[in-house]
Amino acid sequence: MNARILAVKTITPLLADSGSLKYSLKKHILDCPENQRALFQELCYGSMRHYPQLESIFNLLVIKPLKPKDQDIKALIMIGLYQLYKLRVADHAAISETVDVCKQLKKPWACALVNACLRNFQRRSEEILEQCSRQNSFKFNHPHWFIEKLKHNWPDHWEVILKANDGHPPLTLRANTDKVSRETLIKKLTDLGHSSKKTKYSEFGLVLDEPTDITKIEGFNDGLFSVQDEAAQLAALLINGEAGQRILDACSAPGGKLMHLLEINDNKKTEIQGIELEQHRAARIHENLIRLGFKCDLHVADATQKTWWDGKHFDKILLDAPCSATGVIRRNPDIKILRKAEDILRVSALQKEIIANLWDMLAIDGHLVYATCSIFPQENEKLIAYFIKNNPNAEHIKIEATWGLEREYGRQLFPCASGHDGFYYAVLKKIKIE
């Protein structure tokens, strides 16, 4: 199958709020001819990255709503519009090859509709784009609810955040300093033709000048480095494991922070465990454990429950809480279509449930590091404030750092154009109540 029909198959479930771009793309990419895979990925990621703008255009061109069973035709039109609007694909090829997909979808009736829409945009693009530009969702290329919520929460930062969300994230690696220093790794990569520079805040990180398939770089299979955003690399240092301590990484998938904890605590004789809810995500963690040569007790269980816990308290807990992922939109642009305003309240309730359950497992004088890849205070500083108010044995520990924006509770990182993702961290200490 060619890139365009596979892109339709990848995107269509997302229009019905089902699945995710990353897993849908992974499901179909092996069916794509190798010489078309770059186009396939560009069509998928690009149409999701620019979805609010493409939908504004679509709504002007398609007056009669499509039936739910015809969301594949909407996906096809979106892909066609993306080619005309953003890609350097010849107009005639973008239109004719997109229209041809209708037959492969066994919907020849849609050929006329898709052809008319794309040619209409081709002829009247200047007029159509001028009309669309009156809408904030088009101007800022984000859903209306997201823009308004961001304005309310971050009146001094919202435009910078929106702009960063639409950029392409850098490829950041984490040196496994148990095996190689960052400086040695940078030199090794340079010798292999991959130039890089050190990250600003993480002492383990380096950013490649050009993206590449890191699995094919010498040293990857030997565990010398892993892919991990700079902001995520800060977690292990905040945990600051010490010899003999018992450490838990809660909500471990995809496993980057757990691997980092294992790397920097390998010689400290610490006991590190992980917990992950979903079996298929736990399987991915096991793959990384094998690649890096570590062993770890990984519980496939629910972090809101205690059924998996042996009753022995942990000295340190890293809670990488499930969240709206609004700090990593540039890596997961389908968040623009999948996330809804009401999700923030729903996920915040889950976060409260998880932190309350894990707090019981923390030893007196132990520390809990709370982390999310969200930029919304309801999931971050407001949640920590709520938790402290309702738990007299919880003491906030100020994070002394040069990164992020200091808040009353914790520190907030915003996505940075050529640097780290959006992240939030807070540290709590469990104190004894007399």
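Asn240 is found in the loop that runs between helix 12 (230-239) and strand 5, where helices (H or I, at least four residues) and strands (E, at least two) are DSSP runs numbered from the N terminus. The model is a predicted one, in which local features need pLDDT of at least 70 and side-chain atom pairs count only at pLDDT 80 or more, while totals for chains, interfaces and linings use all residues. Residues are numbered from 1 along each chain as its sequence is written, and side-chain values use heavy atoms, with hydrogens and water left out.

Most residues other than glycine have a negative phi, and most peptide bonds are trans. Asn240 has a positive phi, near 50°.

Turning to the packing of helices, helix 2 (residues 21-28) and helix 3 (residues 37-49) meet at an angle of about 160°, their axes 11 Å apart; axes are lines fitted to C-alpha atoms, for helices over the stretch in contact, and angles run from 0 to 180 degrees between N-to-C directions. Helix 2 is therefore roughly antiparallel to helix 3, a term for angles over 145 degrees, whereas 65 to 115 counts as roughly perpendicular. In this contact (heavy atoms within 4.5 Å), Leu21, Lys22, Leu25 and His28 of helix 2 meet Phe40, Gln41, Cys44, Tyr45 and Met48 of helix 3.

Helix 4 (residues 51-61) and helix 7 (residues 110-132) pack at about 115°, with axes 10 Å apart, which means that helix 4 is roughly perpendicular to helix 7. Helix 4 contributes Ser56, Ile57, Leu60 and Leu61 to the contact, and helix 7 contributes Cys117, Asn120, Phe121, Ile128, Leu129, Gln131 and Cys132. By class, these residues are eight nonpolar, three polar and no charged, where Ala, Val, Leu, Ile, Met, Phe, Trp, Tyr, Cys and Pro count as nonpolar, Asp, Glu, Lys and Arg as charged, and the others, Gly among them, as polar.

Finally, the largest cavity is lined by His396, Ile397, Lys398, Ile399, Glu406, Arg407, Gly410 and Arg411. A cavity is a set of points, on a 1 Å grid over the protein atoms alone, where a 1.4 Å probe fits but cannot get out, and lining residues have an atom within 4 Å of a point. The lining of this largest cavity comprises two nonpolar, two polar and four charged residues.

Definitions and conventions: On a 1 Å grid over the protein atoms alone, a cavity is a set of points where a 1.4 Å probe fits but cannot get out, and a pocket is an open set with protein on both sides within 12 Å along at least five of seven lines; lining residues have an atom within 4 Å of a point. Angles under 35 degrees count as roughly parallel, over 145 as roughly antiparallel, 65 to 115 as roughly perpendicular and the rest as oblique.
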